[in-house]
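I opened this notebook to record what I looked up about pockets, an ion site and domains. The entries follow in the order in which I made them.

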Amino acid sequence: MSDEVNVIVLAAGNGSRMKSKTPKVLHNVAGKVMIDWVLDAVEPLSKNKPIMIVGVGAQRVQEHVGSRSEFVLQAEQLGTGHAVQQAKEHLAESTGVTLIMSGDTPMFQPETLAEFVLEHNRSNNAVTVLTAVTDDPTGYGRIVRADDDTVIKIVEQKDASITERRIQEINTGVYIFDNKLLFEALALVKNNNVQGEYYLPDTLDILRQAGMQIGAYTLQNFTESLGVNDRVALSIANRVMHQRINHQLMVAGVELLDPESTYIDADVVIGPDTIIEGGVTILGRTVIGQNNVITQGSRIVDSTIGNDNVITASHVETAILQNNVTVGPYAHLRPQANLGDDVHVGNFVEIKQATLGSNTKAGHLTYIGNAVVGKDVNIGAGTIFVNYDGVNKFTSTIGDHAFIGSNTKIIAPVDIATEAITAAGSTITDDVPSHAMAIARTRQINKTDFWERMPHKK
Ligand code: UD1
Ligand code: CA
């Protein structure tokens with residue numbers, strides 16, 4: 001026998017129990033598409049690309065997976081056995097082993113599958129099935145064993161007798177076959193069962209009856225074998241995957257105060273000594289450095305955050321924070337907000353496509369959009385960068401040390417130079433030169449003895 005390992009991934013079914021327009025294997029688990037988790041788990045096993053059986057939603061699945069896999073179309077979904085048979089031509093020459101798993105079991109870890117392959121190679125089995133034991137085996141195929149514990153066959157839930165349904169050992173849907181024997185057995189599979197399908201698990205009984213040795217390897221941890229057939233299972237997969245990610249982060253030095261309510265995507269990177277309160281969501285390609293504090297209610301997406309920052313109950317989306325920045329509570333950093341060292345952004349401040357130089361402060365109720373702001377700038381409460389005329393966006397610039405009075409409207413495009421000042425309440429439509437103060441508001445008039453003319457006094 002050669003030591004070649006082939007991998008087949010089944011992903012042609014229509015996933016009807018998901019009740020979704022999206023093919024089942026393209027649903028997300030903790031920020032990573034289900035089929036990508038599966039590919040991550042099988043890729044280390046083989047030099048050859050896996051062969052993916054696609055059918056329902058084939059085009060979308062293929063577009064997503066791209067060059068990570070070969071594809072074989074199963075035009076009609078006649079069952080898992082029929083699905084594997086579609087790979088026959090691809091593997092006709094192989095004298096190695098073939099590992100088969102489903103695209104809807106995203107929780108398997110690469111080490112577990114590697115151990116399973118080793119276990120099979122140590123045996124003389126024609127096929128080894130990966131099994132698990134669970135209190136609630138509903139929906140899974142059951143492993144039927146003889147009195148001496150040898151595996152006899154797998155029976156699907158729908159075809160099982162009452163006694164068989166009580167069996168708590170289930171088929172995880174992962175198998176390794178001697179490749180030649182796999183296709184010999186598949187040719188003999190019939191569809192005389194409740195679902196009228198060609199079942200892959202029937203090959204075990206066929207091989208055993210032909211005098212071959214068949215075996216099972218039992219997983220320690222049932223949750224690894226979780227099959228996502230509906231949204232309930234998807235929510236469990238998400239929960240378990242989040243627990244796994246959180247565990248890894250904590251082991252690496254990240255402090256999670258309430259991991260159960262902290263949702264961190266698979267590809268997020270976080271440095272040690274960062275403290276994250278409960279009720280925080282961190283998604284996408286976010287990278288966070290060391291020693292930050294992120295409090296409850298914060299949601300951070302695709303952002304890059306340095307060290308020693310404090311983000312208090314704020315939304316941060318495709319933004320960059322350097323170091324020692326304080327944000328919030330209730331700030332909204334939108335795409336291309338870029339905050340330098342020691343910047344402070346306070347409550348109800350929204351920033352979009354704007355750079356703030358180091359030590360610049362915008363403490364309260366401000367909108368900064370399309371702007372290049374220097375360092376040590378003070379932006380008073382209620383300042384609005386008026387960046388949009390209904391058709392186009394315009395950019396304004398503010399030089400270092402400038403002082404923007406409260407409630408200034410900056411009608412873009414204007415250039416407020418270094419160490420310039422705007423008086424509170426000004427509507428700035430023209431450039432302000434360095435060291436000048438712009439006052440752009442109507443003068444105050446005091447009408448004397450007006451109180452007596454008030455209607456209530458008549
Ligand atoms: C299957 C197993 C069951 C096992 C469970 C583990 C069979 C008959 N049953 O049941 O013993 O406990 O997985 O999760 O194999 N697929 C195709 N083409 C088809 C039918 C299915 O590609 O014609 C694919 C599906 O897209 C899916 C996988 O095969 O990725 C499994 O099919 P599914 O319908 O989910 O089988 P289960 O009922 O979960
Ligand atoms: Ca399934």
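**Pockets, calcium site and domains**

I began with the lining of the largest pocket, whose residues divide into 19 nonpolar, 22 polar and eight charged. In this classification Ala, Val, Leu, Ile, Met, Phe, Trp, Tyr, Cys and Pro count as nonpolar, Asp, Glu, Lys and Arg as charged, and the others, Gly among them, as polar. I note that this is a predicted model, in which local features need pLDDT of at least 70 and side-chain atom pairs count only at pLDDT 80 or more, while totals for chains, interfaces and linings use all residues. Residues are numbered from 1 along each chain as its sequence is written, chains are lettered from A and ligands numbered from 1 in the order in which they are written, and side-chain values use heavy atoms, with hydrogens and water left out.

**Largest pocket.** I read a volume of about 1,500 Å³ for this pocket. Its lining holds 49 residues, and Arg 17, Lys 24, Asp 104, Gly 139 and Asn 229 are the closest to its centre. A pocket here is an open set of points on a 1 Å grid over the protein atoms alone, where a 1.4 Å probe fits, with protein on both sides within 12 Å along at least five of seven lines; lining residues have an atom within 4 Å of a point. The volume is the space filled by probe spheres set on the points, which are joined across faces, edges and corners. I found at least two lining residues in each of strand 1 (5-11), helix 3 (80-85), strand 10 (169-178) and helix 9 (231-251). Strand 10 gives the most, with four residues. Helices (H or I, at least four residues) and strands (E, at least two) are DSSP runs, numbered from the N terminus.

**Calcium ion (ligand 2).** I listed Asp 104 (OD) and Asn 229 (OD1) as its protein donors, at 2.3 to 2.4 Å. Donors are N, O and S atoms within 2.8 Å of the metal (3.2 Å for Na, K and Ca); water is not among the atoms, so sites may look incomplete. Asp 104 counts as buried at 12% relative accessibility, whereas Asn 229 is partly exposed at 21%. Buried means under 20% relative accessible area, exposed over 50%, and partly exposed in between (1.4 Å probe, protein chains only).

**Domains.** I noted domain 1 (5-225) and domain 2 (314-438), with bounds from an automatic or database domain assignment. Their C-alpha centres lie 57 Å apart.
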